[in-house]
Amino acid sequence: MEDLTTSLIVIACTALAIVLIFYLTRRAKRQKMAQIQALAVQQGWGFEQVRQKLISGYRLIGKNWMMESMIIA
């Protein structure tokens, strides 16, 4: 019975760690996008977030230029 309890505690802690990692990475990604969008608004640039089936990222658009940062899966 002791082994079962120990195993369940280890499984629960591992699951909690995994959920925490996903939560923190998602929060960091949202904060990064908000900072980039705020910078674009502050500088007067256009900001376009790209979300397609296999592509995600963003575009910053100025008067004579455009910068893209894309991740292709």
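The model is a predicted one. Along the principal axes, the C-alpha atoms fill a box of roughly 70 × 25 × 10 Å.

Burial and contacts come next. Of the 73 residues, 12% are buried. When contacts between residues at least 6 apart in sequence are considered, 6% of them join residues at least 24 apart. The protein exposes about 6,500 Å², and carbon and sulfur atoms supply 62% of this area.

Part of the surface is a nonpolar patch formed by Met 1, Leu 4, Leu 8 and Ile 11, which together have about 490 Å² of accessible area. Met 1 lies in the segment before α1. Met 1 counts as exposed because its relative accessibility is 80%, and the cut-off for exposed is over 50%.

The aromatic rings give a second set of details. A pair of aromatic rings is described by the distance of the centres and the angle of the planes. With centres required to lie within 6.5 Å, the count comes to two aromatic pairs. One of them joins Trp 45 and Trp 65, with 5.2 Å centre to centre and 85° between the planes, an edge-to-face arrangement. Trp 45 sits in the loop between α1 (2-43) and β1 (46-51), and Trp 65 sits in the loop between β2 (55-61) and β3 (66-72), so this pair ties together parts that are 20 residues apart in sequence. Trp 45 is partly exposed, at a relative accessible area of 29%. Trp 65 is also partly exposed, with a value of 36%.

Phe 47 and Tyr 58 form an aromatic pair as well, and here the rings are stacked, with 6.0 Å centre to centre and 25° between the planes. The label follows from the angle, because planes under 30 degrees apart count as stacked. Phe 47 belongs to strand β1 and Tyr 58 to strand β2, so the pair ties together parts that are 11 residues apart in sequence. Phe 47 has 21% relative accessibility and so counts as partly exposed. Tyr 58, with a relative accessible area of 12%, is buried, because buried means under 20%.

Definitions and conventions: Residues are numbered from 1 along each chain as its sequence is written. This is a predicted model: local features need pLDDT of at least 70, side-chain atom pairs count only at pLDDT 80 or more; totals for chains, interfaces and linings use all residues. Side-chain values use heavy atoms; hydrogens and water are left out. Rings of Phe, Tyr and Trp (its six-membered ring) pair if their centres lie within 6.5 Å; planes under 30 degrees apart count as stacked, over 60 as edge-to-face and the rest as tilted. Helices (H or I, at least four residues) and strands (E, at least two) are DSSP runs, numbered from the N terminus. Buried means under 20% relative accessible area, exposed over 50%, partly exposed in between (1.4 Å probe, protein chains only). Patches are made of residues with over 30% relative accessible area and no salt bridge: like charges are joined within 9 Å, nonpolar side chains (Val, Leu, Ile, Met, Phe, Trp, Tyr) within 5 Å. Accessible areas come from the Shrake-Rupley method with a 1.4 Å probe; for residues, only the protein chains shown count as cover. A salt bridge is a side-chain nitrogen of Lys or Arg within 4 Å of a carboxyl oxygen of Asp or Glu. Contact means heavy atoms within 4.5 Å.
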